[in-house]
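Please look through the sequence and the structure shown below, and keep both at hand while you read the report that follows.

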Amino acid sequence: MGILGLAKLIADVVPGSIKERELKHYFGRKIAIDASMCLYQFLIAVRSEGAQLTSADGETTSHLMGIFYRTIRLVEQGIKPVYVFDGKPPNLKGDELAKRAEKRDEAQKLLQAAEEAGNIEDVHKFNRRLVKVTKEHADEAKQLLKLMGIPYIDAPCEAEAQCAALVKAGKVFATATEDMDALTFGCNVLLRRLTFSEARKMPVQEFHHDKVLEGLELNQSEFIDLCILLGCDYTNSIKGVGPKKAMEFIKTYRSLEKIVENIDNKKFTIPEDWNYKQARSLFVEPEVTDPDTIDLKWLEPDEEGLVKFLCSDKQFNEERVRSGAKKLHKARNTSTQGRLDTFFKVLPNANSPSKRKLEEKNGPAKKNKKVTRGKPRGRPPK
């Protein structure tokens with residue numbers, strides 16, 4: 001779910017924090033992609049047309065087709081993707097996962113009724129609600145990415161949190177996901193629509209964290225409290241508080257503690273034993289792997305391995321798979337001019353662990369001394 005209504009709130013209040021770009025704008029960029037969200041997109045896109053793509057044995061292959069061909073398109077645009085997979089969900093997310101399971105059970109019953117009634121439109125609608133990314137989907141995607149030479153990371157917990165940590169450390173330029181909580185985790189740049197923008201002829205939406213805070217006139221702590229108030233995966237929100245009222249409360253009281261103290265309990269219902277402090281702590285200090293220990297490498301594709309995995313095991317077309325492997329090879333080895341900013345050292349975010357470690361080792365960066373101008377060196381003037 002991410003953060004309920006945050007994208008619309010930002011678009012309405014701070015439209016200047018969102019830029020629309022063509023895919024080619026990200027040439028030369030390293031981008032962390034929320035793998036589970038990506039797989040879900042591929043599964044639901046095919047499910048919308050009816051049944052999933054399957055092999056002769058009945059195994060679902062929609063996720064593999066999506067990962068293979070969309071990743072090739074990204075690489076051909078000069079983008080260097082790294083996929084980040086979810087780890088174990090935090091305990092606070094248990095209630096949200098239970099609600100999702102209940103909704104799937106309900107959708108299954110409604111689907112059966114729609115099939116019996118012959119209502120094709122409802123059949124497609126409830127089919128989409130049954131889509132779920134499984135461990136098997138993720139494991140097969142990892143195997144495919146390894147054969148393609150594309151790096152992936154297993155996050156210890158939430159993928160969005162790990163992606164945000166990579167961005168803040170300067171390991172990658174941005175996070176690509178549809179979930180807005182990447183911003184809540186403090187991600188500098190969030191990209192929406194990246195993995196399907198070209199297919200749907202839609203521009204990539206680029207959200208800038210600093211511009212969002214500046215436009216909303218909030219600091220990061222206040223922004224996190226706003227996101228919890230809007231509705232997140234970790235806890236319930238106050239009944240009767242929508243986006244407009246949430247902004248009003250945060251601007252007036254500046255923290256959830258003050259809101260709880262001052263809110264009209266007869267008009268707005270605060271959840272019993274509201275665990276907003278624990279939810280806040282998950283956004284402030286999420287469980288992530290230290291980006292400094294992560295070494296990202298884009299390698300040569302294993303063409304024969306891809307043919308065996310996708311063609312022998314999954315019944316993909318061999319000619320198309322070999323063509324895809326050659327495109328990966330060409331994109332990786334074609335000598336092209338890189339982005340101008342790749343000629344300079346990328347420093348981590350000022351508040352990132354990487355930056356603090358650098359200062360602990362070498363001391364804080366010194367300001368440039370004033371340079372006294374003299375006669376230029378080299379050839380004397382004519």
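This is a predicted model: local features need pLDDT of at least 70, side-chain atom pairs count only at pLDDT 80 or more; totals for chains, interfaces and linings use all residues.

Arg 254 lies in the loop between helix 11 and helix 12, just after the end of helix 11, and although Arg 254 is not a glycine, its phi is positive, at about 70°.

Asp 273 is another residue that is not a glycine and yet has a positive phi, in this case of about 50°. Asp 273 is found in the loop between helix 12 and helix 13, the latter spanning residues 276-284, and with a relative accessibility of 72% Asp 273 counts as exposed.

## The two sides of helix 11

Helix 11, which covers residues 243-253, has four buried residues, namely Ala 246, Met 247, Phe 249 and Ile 250. These residues lie on the same side of helix 11, because the arc that they cover around the axis is only 165°. On the other side of helix 11, by contrast, Lys 244 and Thr 252 are exposed.

What do the buried residues of helix 11 pack against? Their partners are helix 1 (6-13), helix 9 (209-216), helix 10 (220-230) and helix 12 (256-262).

## Strand 3 and its neighbours

Strand 3, made of residues 80-85, is mostly covered, since five of its six residues are buried. Strand 3 pairs with strand 2 (residues 30-34) in the parallel sense, over five bridges, and within this pairing Ala 32 stands opposite Val 82. Strand 3 also runs parallel to strand 4 (residues 152-154), to which three bridges join it, and here Phe 85 is placed opposite Asp 154.

## The nonpolar core

The largest nonpolar core of the model contains 96 residues, and those with the most contacts inside it are Tyr 83, Leu 194, Leu 226 and Leu 229. If residues up to four places away in sequence are left aside, the residues that Tyr 83 touches include Ile 33, Ala 35, Cys 38, Ile 67 and Leu 74. Also among them are Leu 145, Ile 150, Pro 151, Tyr 152 and Ile 153.

## Salt bridges

The count of salt bridges comes to 19. One of them joins the side chains of Lys 8 and Asp 12, with a distance of 2.8 Å from N to O. Both residues lie in helix 1, four residues apart, which is about one turn of the helix, and both Lys 8 and Asp 12 are exposed. An α-helix has 3.6 residues a turn, so residues three or four places apart point the same way.

In helix 12, the side chains of Glu 261 and Lys 258 meet in a salt bridge of 4.0 Å from N to O, and because these two residues are three residues apart, about one helical turn separates them. Glu 261 is exposed, with a relative accessible area of 58%, whereas Lys 258 counts as partly exposed at 42% relative accessibility. A further salt bridge links Lys 24 with Glu 22, whose closest N and O atoms are 3.8 Å apart, and both Lys 24 and Glu 22 are exposed. Salt bridges also connect Glu 303, Glu 304, Glu 318, Arg 322 and Lys 326 in a network.

Terms used. Residues are numbered from 1 along each chain as its sequence is written. Side-chain values use heavy atoms; hydrogens and water are left out. Buried means under 20% relative accessible area, exposed over 50%, partly exposed in between (1.4 Å probe, protein chains only). The arc is that of the directions from the helix axis to the C-beta atoms. Contact means heavy atoms within 4.5 Å. A nonpolar core is a set of buried Ala, Val, Leu, Ile, Met, Phe, Trp, Tyr and Cys residues joined through side-chain atoms within 4.5 Å. Two strands pair if DSSP finds at least two bridges between them.
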